[in-house]
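Open the structure in your viewer and keep the selection tool handy. We will go from stop to stop, picking out a few residues each time.

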Amino acid sequence: MTDARSFTPTAREFNLHQGELAASVSAEDHGFADDFAAVLEHTSVHRSTIGCVIPAYNEEESIADVIEALLAQTRVPDVIHVVVNNTSDATVKIASEYSGPHELQTELGEQFTEVFVHDIGKNPDKKVGALNYGYSLVEGYDYLLGVDGDTIADTKAVEYLETEAVSDSRIGGISAIYTIDDKPIKGAIARFLTAGQRTQFAAFNLQNMLRGRNMAVLGGQFSIFSTNALRDAMKQNHQSTPWVKDSEVEDSLLSLQIKSAGYLTKISPYARADVGGMTTLSGYDAQQVKWTYGAIELMWPGQRGDTKGQPFHPNLRLRWFENFGMLTNLFVRVAFLTLLAGSLSIGAFVFSPLWLIPPVIAMLLNLRIARTMKNCNRSDVLFAVLFFPAELFMWIRISHFVRSWTRFLSRKKVDNWAMQAKAERGGGLGHWTPMVVLIAVAIALAVIWVMVGPMVQSSILWIGWPIVGVVTVLQTLLMFSKLVRRQHGFKV
């Protein structure tokens, strides 16, 4: 094990001939825009240096694969720093097996890199502290490549990210396309959650692709950052480090700061990486609540903490649409079930075939999103067309939405990082809270419904059904517009 406090490597200069890169990755084959293919065509040499930082916390099951994937890149990072923090497993031991210099023969010629493993022990700033520690080791490089300790990149991912970053000095950071490899996933619940997360990633990536490849969040899973952009963002925000500990979503905040400093934040149409997904309900709940809570903090007007809300920041427009969409989904579902139960109780229910249109449009939209996945498989298609898996997953996402806003509005200070770590270890029952509350509300509504007279019941149904109908029609039209929108051949 090598500690950077005793040795910090200098950046190594490379002058590696790429050959005709566009021949192997053509816009015609993938259906991408010609302008990006032109960037690849006219790039012939590497002149930049890349320092890779891997923050790792209890990653003994994946860290070896992560390092091996980096060493197998066509464009190997010039140095790789594994920064282990707060770990209680064999992460350090396994990662240390790769420490030291590596001379590698790649498609682009012979390359050299060196792997360093740093065990920084107990770190109160957790992942943020590990990232900032890593930044101090590579700030002299042209680019910082951030890689999570459970992310496996395709062999050309670094090459594609660097090629585009070097082509335009306005680019402050570029994210890879993320998905989850579902082949090793076992168990019904784990496979169900993985299928839902794959669809969620695909929809998010596709939205960013269709917005001119402007990435709202440069996810820490596998993104490359210009160190010039990081320094400018730090200076503009009076920070001594790129990442700050007081944000639940350090990646989103840094992306906002890079954008505000005048740089572009992009998503690559070529670079791909498989990230670690959540395979338990408690783990997925804790992760999503943390992310949503942090996003709300960034969106909320005024000063709720050290991080000032930026409700009109262009990177947050997609967040506003997501939250408004979740609120609409919550209203339509709860109102529909309530009115349906009320109508059945007094024999006033009349079925209309028109009610089938929204779920059919939703299924077709989910199917189209599934078909945009580069590695779409049978599970992805079944998740989309069977309707019930996607509907159940939507209810789970609604529960995260409600829990996040409830926690935020309560102003109760909670360590969401610690709660996620606990949930991933199998602890915590908070993810059942929305279901308990929903059952309690349903019982209360049923009691109230029985207590009011027939006249009030009829009035509620007479007013309620048209409101739900109008909202559902508008929601269906929005889904239909997404269904027929051109996707320009993008594969996510």
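Start by selecting Ile63, Ala64, Val66, Ile67, Ala69, Leu70 and Leu71, the buried residues of helix H4. Helix H4 spans residues 63-71, and seven of its nine residues are buried, so the rest of the structure largely encloses it. Keep in mind as you look around that this is a predicted model.

**Next stop: a strand on the inside**

Now select residues 143-147, which make up strand S5. Are they buried or exposed? Five of the five are buried, so S5 too is largely enclosed by the rest of the structure. Turn the view and follow the side chains: Tyr143, Leu145 and Val147 point one way, while Leu144 and Gly146 point the other way.

Strand S1, residues 50-56, runs parallel to S5, with four bridges between them. Strand S8 is antiparallel to S5 and is joined to it by five bridges. Here Leu145 faces Ile224 of S8.

**Aromatic rings**

Stay with S8 and select Phe225 together with Trp243. How are these two rings arranged? Their centres are 6.0 Å apart and their planes stand at 85°, so the pair is edge-to-face. Phe225 belongs to strand S8 (residues 222-226), and Trp243 sits in the loop between helix H9 (227-236) and helix H10 (250-260), so the pair ties together parts 18 residues apart in sequence. Both Phe225 and Trp243 are buried.

For another pair, select Phe336 and Trp465. With ring centres 5.9 Å apart and planes at 80°, this pair is edge-to-face. Phe336 is in helix H12 (residues 317-345) and Trp465 in helix H18 (residues 454-484), so the pair links distant parts of the chain, 129 residues apart. Phe336 has 28% relative accessibility, which means it counts as partly exposed.

**Last stop: two crossing helices**

Finally, show helix H8 (residues 188-210) and helix H14 (residues 378-385). Their axes come within 10 Å and cross at roughly 85°, so H8 and H14 are roughly perpendicular to each other. Where do they meet? Select Arg191, Phe192, Ala195, Gly196, Arg198 and Thr199 in H8, then Ser379, Asp380 and Phe383 in H14. The residues of this contact divide into three nonpolar, three polar and three charged.

Definitions and conventions: Residues are numbered from 1 along each chain as its sequence is written. This is a predicted model: local features need pLDDT of at least 70, side-chain atom pairs count only at pLDDT 80 or more; totals for chains, interfaces and linings use all residues. Side-chain values use heavy atoms; hydrogens and water are left out. Rings of Phe, Tyr and Trp (its six-membered ring) pair if their centres lie within 6.5 Å; planes under 30 degrees apart count as stacked, over 60 as edge-to-face and the rest as tilted. Buried means under 20% relative accessible area, exposed over 50%, partly exposed in between (1.4 Å probe, protein chains only). Axes are lines fitted to C-alpha atoms, for helices over the stretch in contact, and angles run from 0 to 180 degrees between N-to-C directions. Angles under 35 degrees count as roughly parallel, over 145 as roughly antiparallel, 65 to 115 as roughly perpendicular and the rest as oblique. Contact means heavy atoms within 4.5 Å. Ala, Val, Leu, Ile, Met, Phe, Trp, Tyr, Cys and Pro count as nonpolar, Asp, Glu, Lys and Arg as charged, and the others, Gly among them, as polar. Two strands pair if DSSP finds at least two bridges between them.
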